[in-house]
Amino acid sequence: MLRKTVLEINLKALEYNFNQINSKTRPSTKLMAVVKANAYGSDIIRVSKKLESLNVDYFAVAYAPEGVMLREAGIKTPILVLIPQVNSFSQIVDNNLEPSLYSFFFLNNFISFLKEKNIKKYPCHFKINSGLNRVGFKKEEIGKAIDLVKKCELIHIVSVYSHLAASEDISENKFTVKQIKTFTDLASKVSSQVSSRPMLHMSNTSGILNYPECEFDMVRCGIGLYGYSNFLDKSLVPVHRLRTVISQIIKVKKGETIGYNRSFKSIKPSVVGIIPLGHADGISRSFSKGGFVIINNFKAKIIGNICMDVFMVDLNGIPAKEGDEVIIFNQTHTAEDFAKEVGTISYEILTNLSPRISRKIID
Ligand SMILES: *Cc1c(COP(=O)(O)O)cnc(C)c1O
């Protein structure tokens, strides 16, 4: 019997999603699994080992220390570091991580480092800003950046890539089509300048689902592997399931208030459940505004402010006793459903899940 909070990570569902995503692209198209932020709040090591056993082509992490964790766990697959910082050059080369080149500040410093260490042909990925206006070289900077790369003769450009700004948003279709065109033009300019033809890639999960013309040589899949797309493609299965138990049940009289700042006032005698999860576990304080969990197949509304370690639910009319199971999200009441109640997205719910919650791997 469940006695505590558990985040289940279903590797069978992960495998299923991996196969689903692969079946949506051409057989020759490579798949890069995005495992940043502890594999979207799950377990970066177990998830990456599973994906490596399924012959994933590439991994992507945001920062170098995430890549170091993978190498220390014995992962051999190539790893792209999306937003490497200038303090991590040693970590990058010592662990055979492949950095994005995305700014002159990063590029110049990295070239100096390679020179100093006498390292040649280091594998790197050239990042183009095609309209998201986040990291990457803009159109007018590309010529100069490529000149620097060519002149130093220390860098091997493995791929040229960019990131879509609104691939999940059908109302932004015109913008996205234009963004793909911009990337195609700029990437071919870069390709023509370097000796061996680099791979091109642009799509994230919703790009894969909504823009097949954006496949190029590889796709980068994050949230889809964990079972979500922004409009919940029914062919994917959520990997995360978060459950806990009712810690205590209390009764309050009409007019009493519940929790910090007395933000919830009981308008009738009420039954209140104390749930052992709080904002320190990743249940954001914004859930004080609403949201619900599932208890014995009933929707139990969150009431009062979310505390650091617990939150409270309204148990009026719900048959429940201390020790009963509480589902925060699972395959049917998904993290996306949970998120929607307070205007956020599954990405934020998942990546917020703190290390205090114990993970249980299902395989
Ligand atoms: C996080 C990230 C992805 C993955 O996006 P999903 O929507 O989770 O598939 C892909 N590419 C880049 C550059 C990213 O930062």
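The ligand is surrounded by 13 residues, of which Lys36, Tyr40, Thr205, Ile223 and Tyr347 are the closest; a residue is near a molecule if one of its heavy atoms lies within 4 Å of it. The model is predicted, so local features need pLDDT of at least 70 and side-chain atom pairs count only at pLDDT 80 or more, while totals for chains, interfaces and linings use all residues. Residues are numbered from 1 along each chain as its sequence is written, and side-chain values use heavy atoms, with hydrogens and water left out.

| Side chain | Distance to a ligand oxygen atom |
|---|---|
| Lys36 | 2.7 Å |
| Tyr40 | 2.6 Å |
| Tyr347 | 2.5 Å |

Taken alone, the ligand exposes 390 Å², and the protein buries 94% of that (Shrake-Rupley method, 1.4 Å probe). Helix H2 (36-41) and strand S9 (218-221) are the elements that give two or more residues to the shell around the ligand. Helices (H or I, at least four residues) and strands (E, at least two) are DSSP runs, numbered from the N terminus.

Val68 belongs to helix H4 (residues 64-72). Val68 counts as buried because its relative accessibility is 10%, the limit for buried being under 20% (1.4 Å probe, protein chains only). Leaving aside residues up to four places away in sequence, Val68 touches Gln91, Asn95 and Leu97, where contact means heavy atoms within 4.5 Å. Val68 and Ile349 are 281 residues apart along the chain, and their C-alpha atoms are separated by 25 Å.

Methods. Buried < 20%, exposed > 50% of the residue type's maximum accessible area, 1.4 Å probe, protein only. Polar contact = N/O pair within 3.5 Å; in protein donor to acceptor, adjacent residues only side chain to side chain.
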